[in-house]
Amino acid sequence: MPVVDEISKDYAAEVDFVAVAWKGTMSATAARAEELLPSGNFKWGLDAEEEIFAAYGVPYQPVTALITADKVIIGGWPGVQSEEFIRSALDDLIAS
């Protein structure tokens with residue numbers, strides 16, 4: 001997540017960044033978000049009931065989903081990716 005947080009500084013005007021945790025407490029999630037996402041460019045939260053994960057078919061963490069403004073998943077990946085890969089995926093998202 002630190003790489004994505006850094007990248008978010010360049011894309012914050014065009015992309016909404018959202019981080020969702022599904023295990024833990026709200027206070028633990030807040031502490032982790034503060035640690036991993038210091039830019040303030042992320043909306044984050046806790047999906048304790050796993051409604052968001054179910055809605056988008058996310059089976060585990062970490063996973064990234066690229067979702068258009070009209071809520072269509074156009075891409076994504078499991079695990080960690082390189083900065084170049086993420087930037088390319090965001091450029092494709094913006095172009096779609």
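Guide: Salt bridges first, then: a search of the whole structure, which is a predicted model, turns up six of them. One joins the side chains of Asp16 and Lys43, with 4.0 Å from N to O. This pair ties together distant parts of the chain, since Asp16 sits in the loop between H1 and E1 while Lys43 belongs to strand E2, 27 residues apart. Both Asp16 and Lys43 are exposed.

Two further salt bridges lie within helices. In the first, Arg32 pairs with Glu35, and their closest N and O atoms are 2.8 Å apart. These two are three residues apart in helix H2, so about one helical turn separates Arg32 from Glu35. An α-helix has 3.6 residues a turn, so residues three or four places apart point the same way. Arg32 is partly exposed, with a relative accessible area of 45%, and Glu35 is exposed, at 53%.

In the second, Arg87 forms a salt bridge with Glu83, the closest N and O atoms being 2.9 Å apart. Here the spacing is four residues in helix H4, again about one helical turn. Arg87 counts as partly exposed at 21% relative accessibility; the cut-off for buried is under 20%. Glu83 is partly exposed too, with a relative accessible area of 37%. The pair also belongs to a network of salt bridges that links Asp10, Glu83 and Arg87.

Now let us return to Lys43 and look at the strands beside it. In E2, Lys43 is the bridge partner of Val18. Strand E1 (residues 17-21) and strand E2 (residues 42-46) run parallel and are joined by five bridges. In a regular strand the side chains alternate between the two faces of the sheet. E1 shows a covered face made of Phe17, Ala19 and Ala21, and an uncovered one with Val18 and Val20.

Not counting residues up to four places away in sequence, Thr29 touches Ala21, Lys23, Trp44, Gly45 and Leu46. Among these contacts, Ala21 belongs to the covered face of E1.

Helix H4 (residues 83-95) has 13 residues and reaches 18 Å from its first C-alpha to its last, close to the 18 Å expected at 1.5 Å a residue. Its buried residues are Ile86, Ala89, Leu90 and Leu93. Seen down the axis of H4, they fall within an arc of 100 degrees, so the buried residues line one face of the helix. The face turned away from that buried side carries the exposed residues Glu84, Asp92 and Ala95. What do the buried residues of H4 pack against? Their partners are helix H1 (2-11), E1, E3 and E4.

Leaving aside neighbours within four places in sequence, Trp77 is in contact with Val63, Thr64, Leu66, Phe85, Ile86 and Ala89. Ile86 and Ala89 are among the buried residues of H4.

Strand E3 (residues 63-67) and strand E4 (residues 73-78) run antiparallel, joined by five bridges. In E4, Gly75 is the bridge partner of Leu66. Five residues lie between the two strands of the hairpin, and Lys71 takes a positive phi near 70 degrees. Val72 is found in that loop between E3 and E4 and counts as partly exposed, at 41% relative accessibility. Setting aside neighbours within four places in sequence, Val72 is in contact with Leu66 and Ile67. Val72 and Tyr11 are 61 residues apart in sequence and 19 Å apart in space, C-alpha to C-alpha.

Methods:
Residues numbered from 1 in each chain as written. Predicted model: local features only at pLDDT ≥ 70, side-chain atom pairs only at ≥ 80, totals over all residues. Heavy atoms only, no water. Buried < 20%, exposed > 50% of the residue type's maximum accessible area, 1.4 Å probe, protein only. Pairing = 2+ DSSP bridges. Contact = heavy atoms within 4.5 Å. Expected span 1.5 Å × (residues − 1). Arc of directions from axis to C-beta.
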